[in-house]
Every structure is written in structure tokens, then in C-alpha cells.
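Welcome, and please open the structure in your viewer. We will walk through it together, one region at a time.

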Amino acid sequence: MLKNLIAASLASVLLVGAVQAATPSPLLLRVTLSDKAPAAESGRLLVFAEPWDEAVAANHGQPPPAVDINIRKVLDVHVAAQETSRIVPGGSRWIDLDRLAFPTPFSALKPGSYAVQALLDVNHDYNYLGRTAEDATSPVVKLEIGAGNAPPALVLTLGHPDRVPLDPPLSASPDERAAYAAARADIDTLDFVSPSLSTFWGRPIHMRGWVLRPPGYDPAGHVRYPVVYVTHGFGEDSRTLASWAVRFRQRMASRETPPMIYVLLDESGPTGTHEFADSVNNGPWGQALTTELIPALEQRYHMDARPSGRLLTGHSSGGWATLWLQTRYPKVFGGTWSTAPDPTDFHDFVGIDLYAPGANVYRRPNGALYPLVRHDGQILATYEQFAKLERVLGPYGGQLTSFEWVFSPKGADGRPMPMFDRDTGMVDQDVAIYWRDHFDIAWRVANNWPALRRDLDGKLHIVVGTADTYYLDGSVHRLKAVLDSLGAKSQVTFIDGRTHANLYRIGDDPYGLEKQIAWAMWAVARPNRPK
């Protein structure tokens, strides 16, 4: 949805006292909404600052076009935030750059030159999607901290409208444009109003995504196709899934993969990803999928409605969601191929044992910080840094709060109970035990195996890299140990040296694993049909 055109003048910077190391003072920034704006605007105002020389060097010696969070240098970019309610055209607000900031208050910045940019997050989705085309942003300006000079004026303007999801990117090659054009006729918009979710929330709740029919699908025919239910990872949505649908269709057209119907499910929302779990906070998403949406789709399309004809796959948060659906509804689905899933055994929640006495997600018992993000053997961010940055960006939609919206019990204030204290990192053991009893996949399988075995055995296929960016391989090792101890038939694969991002690469093909999974699904759904 396009916003109203915004023009704002960040008219002045007021320094209350000098910016001195001994007695730092708050830095206040005045924000004025242009009197040309057609209506009042609200949102979360974010202000970013990065050392000027570093920003220029990263942009090949040129002034940077943007200043933004960079997980590879999480401490180098400062950000301050403040909720801004109903700025009327021509009205002003002050943002305190010290009150809510990461990694330090702005007044603690060393004197020098900084690249500064402001962003108005009108939809409150920066914590999930990052910058979007709907955000209002200012140009990057050079600000001298400690020099006593007023900064240049900053003007917030809207970006370009998002492209239609089934339109090719502006940078697409002729072949890619042709693929998008060919795919449109085979892709249907999925927009289903769920009765159970609507009852839970007290308003219409839509289940969205895309349905991809294989090339040659005949609505009047009698051929029934296996169905692949796909969902995405954290930070993705229907726009991501649209590009996947085009890619899947192109492969089926070239016979690199078998003909199947793909249902691409959007699991994003204001709270993050709902994971298709039946949650006291997000609502009964698993129930809605299995008892409402799937039956409705099977009435409309030529779908194989047997469990062996319903397959699941997803990566990261989508990997957890599909693994959860398979273990929670084993009679419904014929198998999941889950890659790099979010933690599946909370004894290893990105390296942290949530059940340990005195568990703390920030520090090990010896005081060392828990890492959260790694690359090429280097730690890029710790759990504490990530949590405190997320708190500045907003109390909604971030990865860690998303886990709580899925896994936690509801608190007295109606919101999910925090699993850990954001200031100290201490784990709330009562909440951790609730997580275990309701959503720890390894715990669920181990404690329900006699009832699950008949319908679940042989249906779990998990792939993860040994250098996973978010340390997710540790949790998968634990899940494998549980499955092995039960004598379960499962396929758990660890790919040496692969990360969260390059797991699917085989040789020169960045999606080689995706193709292998498609054929493995076909072998389950059509065991007597050759490739």
C-alpha cells in the first residue's frame, strides 16, 4: 500500500551542552512534517549514523546512498528510535537520540564526521523486512559531532512504489523477463479467509500466497498432481514467494523437475513469522491450514489428496514450520524436506541450553558472550547485541520477539511472556518449560514416539550446513540423536562447510539441492513413475 507523499524538514539539531566524554548530554533532533503533506503521519522514526570515512570507503570512495544496519559490522552503525504519533502537516516532533539507541547513546559518539540518515517506518515493519519501498527516507548528510555546527537540512521523501510481485525485477535479463511472462498464466493468487483464525482475532484473517499449476495443467482434465506446500524464512513474504513460483515453474517447463502443484504459503505477519503453529498468541494457524485451507484447495484443484501426495518443504523459519507441521499433523502429510530449520531442540537454542539452571542467553557460565551470527569462522554478532538492537528497532516483528509470539504463554498484559530479560539475558524458566512442553520438536517426538511412529516414521528429511550462519546445526545434531535413540527412520544430512545462505548450491547451480528435493518428493508421491 502506497503512503501519502511525505516531505519533512529536519530543521535543526539542538545540543544541550557540549558533547564531551566526561559529561555526555542528550542529542535532540527536531522533525517537521512538510505543510504540503495531505494528512497527519505516524510511525517509528529511525536515525542512523556511521563514521563518514568508513561509509565512504565501503562505497568505493563515494558518499554513501544510504546508512543502514549491517550485521557484518553491527557495532559500527548507530541507530536511535522513537514512536512518532500524528505529526500534522507543518507540525514538529523532537527525537531524543540518547533515550533509545544502539549500541550507545548518540551523545557518546566520538567527535568527528558521521554519515547520518533518517527513516520513517510508517508500517512498523522495519524489524521484519528492513527497508521497504514504502518507507520515507532522507538523503545521507555529513554531520560533524562535537564541532557545534548545525547539520544540513534533511528531507524525508517516499521511495519508488513496489513492483507488482509477478512483474520481473528492473534488473531482470531478457530470459528472466520471458520466464515471468510465461509463468503468469500458471500462477493463481491465494487469498483465503480462515474461519478459525478470524474467530480467534475477532476480524477477518487472510491466509495468503500463490498456487502454481504445472505447465500443461488442464482444469477440465482428470490428472491429479502431487502437491508441495512451501513456506519461507524470516524476513520474507509473498513477494519472495512470487519469485520462487516463477523459478519452480521454469524448472518444470524444462523438465528439470517433475510436474507438481506448488502451494506457496506466506507465513509473515505483524508479529514476525507464525510458523503455522497453533499458538495462544498468534492463533490456530496449523489447524487453519490442515482443516480449512487444504480441503478448500483440494476441492478447487486437481490435487492428490492422499497423505503421500501432500509434501512439505521450507528453509530456516520455513524449515522449522514444515518440520513442525509434519510432526504435529503426521497423518496429513507424506513427508517434509526441511532445510536449516530454526532450533528443533531447545537444549541447543542457537548454542544455548534454555533448560539449564540459571540459563542466560547473553553469557555462558564462565562469562563469555554467546555468539549468534558467524561467517568464515568469525563472529559477527552476539545474542546480546542482536536482542538490544531489535529492542530499538521496535517491540514487534523482530526475530527474537517472533519466537515469543509463537512459543510463549500469554502474559497478564495480553502479550506473549518474554523468554528472557532484555537487560540481563536471564531466562525465565517457567516460560522455557512452556516452550519445551508445547514446541520443542525433539521433546515432542521423544515423548510421543509410540503414538507417532506409525504415521511419522520415514517422513523426516533434514539438511543443514556444518557452518550454518546462525549455529542451527547444533540443534539438528541433537534432534538426530533423539531420532536415532528411538530407532526412527529419518534422513538427516550435514553438508560440510555450508552456511545458511549457500546450503542449496551444488557445483555451479545455486539451487541444485532444491531440484534434488523435488525429485525425492516425486519418488514418495509417485513411487512407480520414472523420472
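What is the mean pLDDT of the protein, and what share of its residues reach 70 or more? This is a predicted model, and its mean pLDDT is 91, with 93% of the residues reaching 70 or more.

Let us turn to the helix pairs. Two packed helices are described by the angle between their axes and the distance between the axes. Start with helix 11, residues 441-456, and helix 12, residues 472-486. Their axes are 10 Å apart and the packing angle is about 20 degrees, which makes helix 11 roughly parallel to helix 12, since angles under 35 degrees count as roughly parallel. The crossing of helix 11 past helix 12 is right-handed. From helix 11, the residues Ile441, Ala442, Val445, Ala446, Trp449 and Arg453 take part, and they meet Leu479, Val482, Leu483 and Leu486 of helix 12. By type, the residues of this contact between helix 11 and helix 12 are nine nonpolar, no polar and one charged.

Is Thr344 buried or exposed? Thr344 has a relative accessible area of 0%, so it is buried. Setting aside neighbours within four places in sequence, its contacts include Ile441, Ala442 and Leu479. Trp320, Leu323, Asp440, Ser475 and Val476 are also among the residues that Thr344 contacts.

Leu460 sits in strand 24, residues 460-465, and is buried, with a relative accessible area of 4%. Leu460 and Leu483 are 23 residues apart in sequence, and their C-alpha atoms are 9.7 Å apart. Beyond neighbours within four places in sequence, Leu460 is in contact with Leu323, Gln326, Thr327, Thr336, Leu483, Ser490 and Gln491. Leu483 also belongs to the helix 12 side of the contact with helix 11, and Leu323 is among the contacts of Thr344.

Two further helix pairs are worth a look. Helix 3 (residues 174-183) and helix 5 (residues 238-253) pack at about 90 degrees, with 9 Å between their axes. The two helices are therefore roughly perpendicular to each other. In this pair, Ala179, Tyr180, Ala182 and Ala183 of helix 3 meet Ser243, Val246, Arg249 and Gln250 of helix 5. The residues of this contact divide into five nonpolar, two polar and one charged. Helix 9 (residues 399-407) and helix 10 (residues 429-439) have axes 10 Å apart and an angle of about 65 degrees. Here Phe403, Glu404, Val406 and Phe407 from helix 9 meet Tyr434, Trp435 and Phe439 from helix 10. Six nonpolar residues and one charged residue, with no polar ones, make up this contact of helix 9 with helix 10.

Now for the backbone. Most residues other than glycine have a negative phi, and most peptide bonds are trans. Where does the model depart from this? The peptide bond from Phe102 to Pro103 is cis, with omega near -5 degrees. Pro103 is placed in the loop between strand 7 (101-102) and strand 8 (112-121). Val350, which is not a glycine, has a positive phi near 45 degrees. Val350 is in the loop between strand 21 and strand 22, and at 9% relative accessibility it counts as buried. Tyr471 has a positive phi as well, of about 60 degrees. Tyr471 lies in the loop between strand 24 and helix 12 and counts as buried at 17% relative accessibility.

Finally, visit Arg131, in the loop between helix 2 (126-129) and strand 9 (136-137). Arg131 is partly exposed, with a relative accessible area of 27%. Leaving out residues up to four places away in sequence, Arg131 touches Phe48, Ala66, Val67, Asp68, Gln117, Leu119, Tyr126 and Thr137.

Key:
Residues are numbered from 1 along each chain as its sequence is written. This is a predicted model: local features need pLDDT of at least 70, side-chain atom pairs count only at pLDDT 80 or more; totals for chains, interfaces and linings use all residues. Side-chain values use heavy atoms; hydrogens and water are left out. Buried means under 20% relative accessible area, exposed over 50%, partly exposed in between (1.4 Å probe, protein chains only). Contact means heavy atoms within 4.5 Å. Axes are lines fitted to C-alpha atoms, for helices over the stretch in contact, and angles run from 0 to 180 degrees between N-to-C directions. Helices (H or I, at least four residues) and strands (E, at least two) are DSSP runs, numbered from the N terminus. Angles under 35 degrees count as roughly parallel, over 145 as roughly antiparallel, 65 to 115 as roughly perpendicular and the rest as oblique. A crossing is left-handed if the near helix is turned anticlockwise from the far one by less than a right angle, and right-handed if clockwise. Ala, Val, Leu, Ile, Met, Phe, Trp, Tyr, Cys and Pro count as nonpolar, Asp, Glu, Lys and Arg as charged, and the others, Gly among them, as polar. pLDDT is the predictor's confidence in each residue, from 0 to 100.
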